[in-house]
Amino acid sequence: MDKLLINGGKRLEGKVRISGAKNAALAIIPAVLLCDDVCRIENVPNITDVNAMIHILHDMGVNIHWINRSTLIIDPRSLSTYVAPDELARQMRGSYYLLGALLGRCHHAVVSMPGGCNFGVRPIDLHLKGFAALGASHTVEGGMVNVSAAKLVGSSIYLDVVSVGATINIMLAAVKADGMTVIENAAKEPHIVDLANFLNSMGADIRGAGTDVIKVYGVKHMHGVTYPIIPDQIEAGTYMVAGAATHGDVTVTSVIPKHLESIMAKLEEMGLEITEYDEAVRVRYTGKLEKCNIKTMPHPGFPTDMQPQITALLSIANGTSIVNESVWDNRFRYVEELKRMGAQISVNGRLAVVEGVDHLTAAPVKATDLRAGAAMIIAALSAEGTTEIEQIRNIERGYENIVEKLQELGADIRRVTVKDGAAEQEAV
């Protein structure tokens, strides 16, 4: 069992390069199945969720391999099945993008129900509604979703709820459908735009990505390309908040500042000094952390994937803050871990009231999910004493080289392998 040991109270200072976006990579990699030739995907984050997707495609016959730390070569021509291996697919939410990609290519897909972090049910009703509008039928049996169509035909699809996953899956299925598909009330997240740009670079005809109406004009063939994935806005936001929590001065580089506007706005409201450059953002502590109210919203609102991290910061801010989680039902499970460190937070359904305290104190805590783990790291970096964080595999699902990156900023953090209650080996 591996743990993180963090000796808090060290001011973070310096620059950190942000990796490729996890959510974009998990959509773009299966999207290569729609291509007729080899693709080279650059700026790919080397994280466990991405590696799980690579293993899934490899087991399905796809020739896929790393050629360096951040570049994948994918040859989809050797795909041998439309059935995704169940055990691997159940480990991650992004595996459901195989439904749209396989349906678009093979007109048949069998994929397990999505896994990933457990903070609410992940219904795929909207995905299946979209597939049905394109002419597909489905069954769900034994936890497996079986979708098939004799022919895919463009259609108008209105999403009852803004859904990133459904928007992406319908785009993937519609790219090679006959005619035009219109997705109304579409999600507008940066990784949806990135997926559309990738598909268009291969020869697709997608218009309106980044707005609430996306039009997909079906094409017959798509060619191989070289394509770089956008930087990860959530990783960037996490380091920005970590710098604020440690009264530091942190610059995130290789980012798209526009993607960080909602995060920058809230940090500025809390009293941080924000400086924006062409491809970097600097966050500097100026002597105060003030209360702030947060409501998570679909893009361009404040992202739900930053809610645990900003709550960890609010727990040491002056005054009482309100955090309203409007996206997921059960995303405050991590609060009990923060309270072990002295945070004063009360939760009622989707609402959390955060009473800022002078400081947090080290305690043994768990990374109950990916972003909760990031919140535990932020809390530990600011706390007095040495904090142990367990279940760090959840953190490694979405953060590349987080220990090394934090060490370069001045954090006292290390990853240890624990056996029989004793740390036997330092992994980093």
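**Entry 1: a bridge between domains**

I began with R397 and D49, whose side chains form a salt bridge at 2.9 Å, N to O. I noted the rule: a side-chain nitrogen of Lys or Arg lies within 4 Å of a carboxyl oxygen of Asp or Glu. Side chains of opposite charge can pair when their charged atoms come close.

This is a predicted model, where local features need pLDDT of at least 70, side-chain atom pairs count only at pLDDT 80 or more, and totals for chains, interfaces and linings use all residues. Residues are numbered from 1 along each chain as its sequence is written, and side-chain values use heavy atoms, with hydrogens and water left out.

**Entry 2: the two domains**

I looked up the division next. Domain 1 covers 1-17 + 230-415, and domain 2 covers 20-226. These bounds come from an automatic or database domain assignment. The C-alpha centres of the two domains are 30 Å apart.

I then checked contact, meaning heavy atoms within 4.5 Å. Here 25 residues of domain 1 touch 26 residues of domain 2.

How much area do domain 1 and domain 2 bury between them? I found about 2200 Å², with 51% of it on carbon and sulfur atoms. Three residues, I230, W328 and R397, supply 34% of the area that domain 1 buries against domain 2, more than any other three. Buried area is the accessible area (1.4 Å probe) that two parts lose on being put together, summed over both.

How many salt bridges does the rule find across this interface? It finds 1.

**Entry 3: salt bridges elsewhere**

I counted 22 salt bridges in the structure. One of them joins the side chains of D2 and R415, at 2.9 Å from N to O. D2 sits in strand β1 (residues 2-7) and R415 in strand β23 (residues 412-419), 413 residues apart. Strands (E, at least two residues) and helices (H or I, at least four) are DSSP runs, numbered from the N terminus.

Is R415 buried or exposed? It counts as buried, at 17% relative accessibility. D2 is partly exposed, at 22%. Buried means under 20% relative accessible area, exposed over 50%, and partly exposed in between (1.4 Å probe, protein chains only). I also saw that D2, E396 and R415 are linked in a network of salt bridges.

I noted two further pairs. D37 bridges to R77, with the closest N and O atoms 3.5 Å apart. The two residues lie in loops, 40 residues apart. E261 pairs with K258 at 4.0 Å. E261 is partly exposed at 42%, while K258 is exposed at 57%.
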